[in-house]
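This report covers the cross-links, fold, backbone features, annotated site and charged pairs of one protein model. Please consult the sequence and the structure shown here alongside the text.

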Amino acid sequence: MIKMRPSKLSLVSVILSVLLFSQCVLSQLQVGFYKDTCRLVEFIVKEEVVKAIIKDRGLAAALMRMHFHDCFVRGCDASILLDSTPSSTAEKDSFANNPSLRGYEVIDNAKARLEVVCKGVVSCADIVAFAARDSIEMAGGLGYDVPAGRRDGRTSLASEIIGNLPPPTFNVDQLTQMFTNKGFTQEEMVTLSGGHTLGRSHCSSFSDRLYNFSGTLKQDASLDPTYAAKLKQQCPQGSTDPNVVVPMTSTPSIADAGYYIDILANRGLFTSDHTLLTSPATANQVAENAKNPIRWKAKFAAAMVKMGQLDVLTGSEGEIRANCRVINS
């Protein structure tokens, strides 16, 4: 078994904890929520995350994205984990999540262990939040305290993806509006983008950047020609093979400023990446993040804490699922 030790609090994490304390109180989430009911919860989740990422480094990005995709649809209620039923298609089986989103087994393993040591206590939603934080640390990002106390939702609908998760074809105005609707500033939008685009993507997500609708090989003029040529080799026109994936950034397994450096070099994989250069405000933020990666890491940690409080269920709302894939009977 991997021996885990609590992470030492850096000056940055201490500052973040103080600055975000009032937000945590308002949302009824608390750092150390399980200190009296399941003291080992964060150790157990971290053990499972570390074991999984040692075997597959790409899971760090996957678990970060899982938290993002969960919170932006119905709030951070673990609805992303629910399986589809004969009468309803769940979020995980929507076009935005299947087959690109993965790492569900990591959450399952942590939940199974927690049900043995503290049955019916720890929510799946909190496990997802802890796992995202641990993944960021494993990928080289800054650790942060995770306010907990979320409850699990009982509904998951693939139809609710549209209008809640930003598609890769959105322009800067559309992105700004969607993030504003979720309570984020434009700077927080740019900050979160640098973490959400870690990992890999299927060819269909960015084919609009390589091939136009008339079927010619003319790519988006804003895309670096050398980069475009490499992508075309990896993703032939019309490719539908779900196993063909390409890195979304030049450093797909590391939580760093590589995303912003790529955008400045016209190597943004998606339309939603390049569009950040079309507005003076967001272009300045891209340049600042590329120039000051440590500051970006601190801003990213703060934005993740804020995101983890989106429309949470607390108190007697929702439930604590026994199995993260199905609602309690």
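## A buried cysteine and its partner

Cys-118 has a relative accessible area of 8% and is buried; residues are called buried under 20% relative accessible area, exposed over 50%, and partly exposed in between, with a 1.4 Å probe and protein chains only. The model is a predicted one, in which local features need pLDDT of at least 70, side-chain atom pairs count only at pLDDT 80 or more, and totals for chains, interfaces and linings use all residues. Residues are numbered from 1 along each chain as its sequence is written, and side-chain values use heavy atoms, with hydrogens and water left out.

The partner of Cys-118 is Cys-38, and the sulfur atoms of this disulfide are 1.8 Å apart. The bond connects distant parts of the chain, 80 residues apart: Cys-38 sits in the loop between helix H2 (21-26) and helix H3 (41-55), and Cys-118 in the loop between helix H5 (104-117) and helix H6 (124-138). Cys-38 is also buried, at a relative accessible area of 4%.

## The other disulfides

In the whole structure, a search finds three disulfides, a disulfide being a pair of cysteine sulfur atoms within 2.5 Å. One of them joins Cys-71 to Cys-76, with an S to S distance of 2.0 Å. This disulfide is right-handed, because the torsion about its S-S bond is about 120°. Cys-71 is buried with a relative accessible area of 1%, and Cys-76 is buried with 0%.

Cys-124 and Cys-324 form a further disulfide, with sulfur atoms 2.1 Å apart. Its S-S torsion is about -95°, so the disulfide is left-handed. Here too the pair links distant parts of the chain, 200 residues apart, with Cys-124 in helix H6 and Cys-324 in the segment after helix H14 (293-307). Both cysteines, Cys-124 and Cys-324, are buried.

## Overall fold

The protein contains 14 helices and two strands; helices (H or I, at least four residues) and strands (E, at least two) are DSSP runs, numbered from the N terminus. Of its 329 residues, 52% count as buried. Among contacts (heavy atoms within 4.5 Å) with a separation of 6 or more, 76% are between residues 24 or more positions apart.

The accessible surface of the protein is about 15000 Å², and 57% of it belongs to carbon and sulfur atoms. Accessible areas come from the Shrake-Rupley method with a 1.4 Å probe, and for residues only the protein chains shown count as cover.

## Backbone features

Asn-98 and Pro-99 are joined by a cis peptide bond, with omega about 15°. Pro-99 belongs to the loop between helix H4 (59-71) and H5.

Asn-266 is not a glycine, yet its phi is positive, at about 60°. This residue lies in the loop between helix H11 (258-264) and helix H12 (271-274) and is partly exposed, at 30% relative accessibility. Asp-311, also a residue other than glycine, has a positive phi near 45°. Asp-311 is placed in the segment after H14 and is exposed, with a relative accessible area of 57%.

## An annotated position

UniProt, in an unreviewed entry, lists Pro-166 for "binding site". UniProt positions are given in the numbering used here, feature names are shortened, and annotations may be inferred rather than shown by experiment. Pro-166 lies in the loop between H6 and helix H7 (172-181) and is buried, with a relative accessible area of 18%. Leaving aside residues up to four places away in sequence, Pro-166 touches Phe-68, Phe-72, Leu-175, Met-178 and Phe-179.

## Salt bridges

The whole structure holds 18 salt bridges, each a side-chain nitrogen of Lys or Arg within 4 Å of a carboxyl oxygen of Asp or Glu. In one of them, Arg-74 pairs with Glu-160, the closest N and O atoms being 2.7 Å apart. Arg-74 lies in the loop between H4 and H5 and Glu-160 in the loop between H6 and H7, so the pair ties together parts 86 residues apart in sequence.

Glu-187 forms a salt bridge with Lys-299, with 3.1 Å between the closest N and O atoms. Glu-187 is in helix H8 (residues 186-196) and Lys-299 in helix H14, so this pair ties together parts 112 residues apart in sequence. Lys-299 is buried, at 17% relative accessible area, whereas Glu-187 is partly exposed, at 32%. The side chains of Glu-188 and Lys-306 also meet in a salt bridge, at 2.9 Å from N to O. Glu-188 lies in helix H8 and Lys-306 in helix H14, so parts 118 residues apart in sequence are tied together. Elsewhere, salt bridges that share partners join Glu-47, Glu-48, Lys-51 and Arg-113 into one network.
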